[in-house]
Amino acid sequence: MKIFHLFDLIVAADLLVGLGSSALHNCLQEQVKLQAQVWQLEHQLEQQQLKIQQLLQDKEIQLINRGDENNVIILGGKRQYADCAEIYNSGHKQSGFYKMKALKSPREFLAYCNMHDGGGWTVIQRRSDGSQNFSRVWADYKQGFGDFNSANGEYWLGNENLHYLTTQRSYILRIDLADFKGNCRYAQYKSFTVGDEKSSYLMNCGEYSGTAGDSLSGGFHPEETWWASHKGMKFSTFDKDNDNYEGNCAEEDKAGWWFNRCHAANLNGLYYKGPYTAMTDNGVVWYTWHGWWYSLKSVVMKIRPAEFEPNLV
């Protein structure tokens, strides 16, 4: 279209020359030259914007890979933020660890804020390399444990923190999964809640959507939910057995989790590298994607308010 437009202007200029209007011819020639310069500048600007976007993405990847102190972001002022969604909408768009304090929580805590995928995600669990031991006692899971400094570090945010976070408003849970062949899937649940310690941190979640299959609430087959659903289950650790199994799921599967009889999902299991063999299915498992005998490469569990609308200013 631009070439045709230039051609029309040149033809018009030539016609005017034939009519003896040299002044108008010169004016049109100058217009053609200026228009070409404008288009060239627009093209350069577009290329620069693409380059800036790529540089920002590269910077984010560098921060994730570095795992150094720059991943802990200290915000000035006296304001306390209830979650990463509030931090994002206050203008802080860099992913990293931030201090926050849920509305009824007695203390502040650090959590990683994922400011991509629409922004405002509070990461509550991460598995990435098997560097952390997730076969832990009740007290560890209550308070939280792991690497709260490295952007790619493994951690559990703490059941107390999960309780205070998920009871202050309605939250969506998103679980990002990756295998050792570079494939990625996700599972998303509405109305994710974790009860208090008196309820043994009972977990509930609502409607599923996604690409990984519904392993958390056992929705993959109605006849399997009696043993496979983790919805409405109490939290268990090897020193506090709250499952519906005659044995101890947490002890057998080497993890703290909302076990039933025992699991269709065990994202806190032992870190194997893909297919594995063991006495029990104790790997990092999401049954509806890779079954019981494949341990996933990475997992990120993150939450965001259901009513979240990103502030684009």
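This is a predicted model: local features need pLDDT of at least 70, side-chain atom pairs count only at pLDDT 80 or more; totals for chains, interfaces and linings use all residues.
The link of Cys84 and Cys113 is left-handed, with -80° about the S-S bond. Cys84 sits in helix H3 and Cys113 in strand S2, so this bond ties together parts of the chain that are 29 residues apart in sequence.

**The link of Cys84 and Cys113**

- The S to S distance between Cys84 and Cys113 is 2.0 Å.
- Helix H3 covers residues 84–89, while strand S2 covers residues 109–114.
- Are these two cysteines buried or exposed? Cys84 and Cys113 are both buried.

**The link of Cys249 and Cys262**

- Cys249 is joined to Cys262 by a disulfide with an S to S distance of 2.0 Å.
- For Cys249 and Cys262, the angle about the S-S bond is -90°, and the link is left-handed.
- Cys249 belongs to helix H7 (residues 249–253), whereas Cys262 is in the loop between H7 and strand S11 (265–266), so the bond connects parts that are 13 residues apart in sequence.
- Cys249 and Cys262 are buried as well.

- Which pattern do the disulfides of the protein follow, with bonded cysteines counted along the chain? The pattern is 1-2, 3-4.

**Two further cysteines**

- Cys184 has a relative accessible area of 59%, which is over the 50% cut-off, so Cys184 counts as exposed.
- Cys205 has a relative accessible area of 4%, which is under the 20% cut-off, so Cys205 counts as buried.

**The whole protein**

- How many helices and strands does the protein have? There are eight helices and 15 strands; among them are helices H3 and strand S2, the two elements that hold Cys84 and Cys113.
- The protein has 313 residues, and 44% of them are buried.
- Among contacts with a separation of 6 or more, 55% are between residues 24 or more positions apart.

Definitions and conventions: Residues are numbered from 1 along each chain as its sequence is written. Side-chain values use heavy atoms; hydrogens and water are left out. Helices (H or I, at least four residues) and strands (E, at least two) are DSSP runs, numbered from the N terminus. Buried means under 20% relative accessible area, exposed over 50%, partly exposed in between (1.4 Å probe, protein chains only). Contact means heavy atoms within 4.5 Å. A disulfide is a pair of cysteine sulfur atoms within 2.5 Å.
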